[in-house]
Amino acid sequence: MDATIRLTVDGTAHEVTVDTRTTVLDALRERLGVTTVKKGCDHGQCGSCTVLLDGRRHLTCLTLAVAQDGAEVVTAGGLGEGEGLHPVQQAFLDHDGYQCGYCTPGQVCSAVGMLDEAKQGHPSHVTEDLEGDTDLTDDEIRERMSGNLCRCGAYAGILAAVREAAQA
Amino acid sequence: MRELTYVRASSAQEAVEAVTADADAMFLGGGTNLVDHLKLGVARPGRLVDVSRLPLDEVETRETPDGPVLRVGAAVRNADLAAHPLVRSGLPALSRALLAGASGQIRQQASTAGNLLQRTRCVYFQDVTTPCNKREPGSGCSALEGYDRYNAVLGASEHCVAVHPSDMAVAMVALDAVVVVLGPEGERRLPVADLHRLPGDAPQRDTTLARDELVTAVELPLTDLAARSTYRKVRDRASYAFALVSVAAALRMDGDTVADVRIVWGGAAHKPWRAELAERALVGQALDEDTVAAAVDTELATARTSEGTAYKLPMLRGTTAHTLTTLATTEDA
C-alpha cells in the first residue's frame, strides 16, 4: 500500500509517496536524497540515524514514514544557521569528535537533543538526586549519549566536544 | 516484510473496533519494538492501527476513595514520564526504572503502553531461523539447550524460558500500579501484576490481554510507601543494555524493624516477579544483609538454574540486600 505524506526536512517542505513499510530513514535517504542521515545497524542499536523529529532526538530506522506524516525533521545538515555551523558541530571539529565521520551526524543531533533535555531539567540514570539540578558531569554526558556508538572509538573527543557545548 | 495497510485511529474506540474487525491487525504505538519486529519477520501483521496520536498523553493526579493516584496516559513517552516532577518525588522507583531502560532516543519515542507490551529479547525469539515456541507455537525452545545466560530462573516451563525485558513494568508492579484497558466490551482495570503471565504451555501469550484490547492508561497510587521506593539494575555494561537482574523495592521501617516492603525482580522470569515470600519473611525483622539474604532464599527455593543462569541467584540476593539496605539508610533523608 502506498501513502502520500508531508515531511519538512531541514526547513524544506516535501510531499512524497511511500510504501507503508518505508522507514523515515529510508524515506529521507532513498526518496528525498537527504543523505546527512546515516544508516548504521537499522535496528535502533547504534544511533547513527538520529535526527531531531518535532524537536526530540529520534531514531529514524525505528519509525515508519507513514506514521510521521506532517513531522518536522532536522538532520545534522539543518542544524546551523545558513552556512554557519551549529555550536555543537563546531565543538566536534575543535575536539576531533570523530575519526571516519560516519556516526557523526547522529552524534551531533543526539547531543543537541540531549542538551535540550538537560536544559529542561531531565534527570538521567546516573543522577544521584532525582529532584536536584542537572549538572552535566562527564558521567552524565557519557550516560546521556550512550545510544550513539562510535566504532572508531572517538569517545574521548566526543565527550570533550559535548562538554564544551554544554558549558557554552 | 509483508505488505501493510496503515490506518490512523481517531479515537481509542475506533482503534479497538479496527483491530477487532481484522484478525491480521495490530496496534502501532511508538514503534521502537514493533517496527524492528516487522523488519526481523518476528511480527507479520497485514494492518497497522496507529494509536500514537490519540489524546492519551496526559499525566494527571486524581482523587479516589483509596487516596490520590497518578494517572499516566498510554501514549506518554518514557522520557517525559521519567522526568515528570510528581514521578521523581512520589514514585522514584518508576523514574529510576525508566531511566535505566533503553537509550535517550528510544525513551523519547517509546510510549508507556508500548513499554509494558514490549516483547522478550531472547535471542532465539528474535531469530526467525531458529525454533521458538513464543514466536511459532509448537516449534520448540532453542534457549533450553542453547545460549542460556539471559534465561529465566523462576516460573519458566519446558516450553519457554524467556524473561520479560521491561524495567518500567518491574517498578510498576512494586508500586501497585493498575492498567486501564479498553476492549470491545468496554473498559476494565487490572493490576500490572496480573498483566503479564507465566509461559506455561502458551508462551506465545505474553499478557492476559486479548489481541484487540488497548491499554489506555496506567494508574499509580501516590502512597508514603511508593515515595520510599527505588530501582536497581545490573547489566553487562554501564548503559543501554537489558537487565541481567533488577530489583524494584519500596520500604517503610518502624524503628529498627521492617513495617512494609515490596520486592519485585526483573530479569528473573517471564513477568516481573513479585517476591511475596521474601516480603512476608522480612516484615517485623531487622534489616541487614543476613535477614534479606534469608528472606530472598525463601523466595528462591523454587528457582531452577542452568550453567549459564546460576549466577542470577547470588546476584538477586546481593542486589536485593543492597537495594533494601540503601533504602533503609536514605529513608529519612
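## Exercises on a predicted two-chain model

Strand E11 (residues 257-266) of chain B and E12(B) run antiparallel and are joined by 2 bridges. Strands here are DSSP runs of E with at least two residues, helices are runs of H or I with at least four, and both are numbered from the N terminus. Two strands pair if DSSP finds at least two bridges between them.

This is a predicted model, in which local features need pLDDT of at least 70, side-chain atom pairs count only at pLDDT 80 or more, and totals for chains, interfaces and linings use all residues. Residues are numbered from 1 along each chain as its sequence is written, chains are lettered from A and ligands numbered from 1 in the order in which they are written, and side-chain values use heavy atoms, leaving out hydrogens and water.

### Exercise 1: strands of chain B

*Solution.* As background, strands of a sheet pair through backbone hydrogen bonds, either parallel or antiparallel.

Now try a second pair: how many bridges join E4(B) to E5(B)? Strand E4 (residues 59-64) and strand E5 (residues 67-73) of chain B run antiparallel and share 6 bridges. They form a hairpin with 2 residues between them. Within this pair, B:Glu63 stands opposite B:Pro68 in E5(B).

### Exercise 2: where chain A meets chain B

Describe the interface of chain A and chain B by its residues, its buried area and its polar pairs.

*Solution.* First, count residues: with contact taken as heavy atoms within 4.5 Å, chain A contributes 39 residues and chain B 42 residues.

Second, take the area. Buried area is the accessible area (1.4 Å probe) that two parts lose on being put together, summed over both. The two chains bury about 3,400 Å² between them, with 50% of it on carbon and sulfur atoms. On the chain A side, A:Arg21, A:Arg56 and A:Leu130 lose the most area to chain B, together 21% of what that side buries.

Third, look for charged pairs. A salt bridge is a side-chain nitrogen of Lys or Arg within 4 Å of a carboxyl oxygen of Asp or Glu. The rule finds 2 across this interface, one of them between A:Arg56 and B:Asp80, at 2.6 Å from N to O.

Strand E4 (56-59) and helix H3 (104-119) of chain A each supply at least two residues, and E4(A) gives the most, with 4 residues. By class, this side has 9 nonpolar, 20 polar and 10 charged residues. Here Ala, Val, Leu, Ile, Met, Phe, Trp, Tyr, Cys and Pro count as nonpolar, Asp, Glu, Lys and Arg as charged, and the others, Gly among them, as polar.

Finally, 24 residue pairs across the interface of chain A and chain B are in polar contact (both at pLDDT 80 or more). Such a contact is a pair of N or O atoms within 3.5 Å; within protein, one must be able to donate a hydrogen and the other to accept it, and residues adjacent in sequence count only if both atoms are side-chain atoms.

### Exercise 3: inside chain A

Find the two domains of chain A and the salt bridge across their interface.

*Solution.* Begin with the bounds: chain A has domain 1 (2-78) and domain 2 (87-167), the bounds coming from an automatic or database domain assignment. The C-alpha centres of these domains lie 22 Å apart.

Then size up the interface of the two domains: 15 residues of domain 1 touch 15 residues of domain 2, and about 1,200 Å² is buried, 53% of it from carbon and sulfur atoms. In domain 1, A:Lys38, A:Arg57 and A:Ala76 lose the most area to domain 2, together 45% of what that side buries.

The rule finds 1 salt bridge across the two domains. A:Arg57 pairs with A:Glu117, and their closest N and O atoms are 2.9 Å apart.
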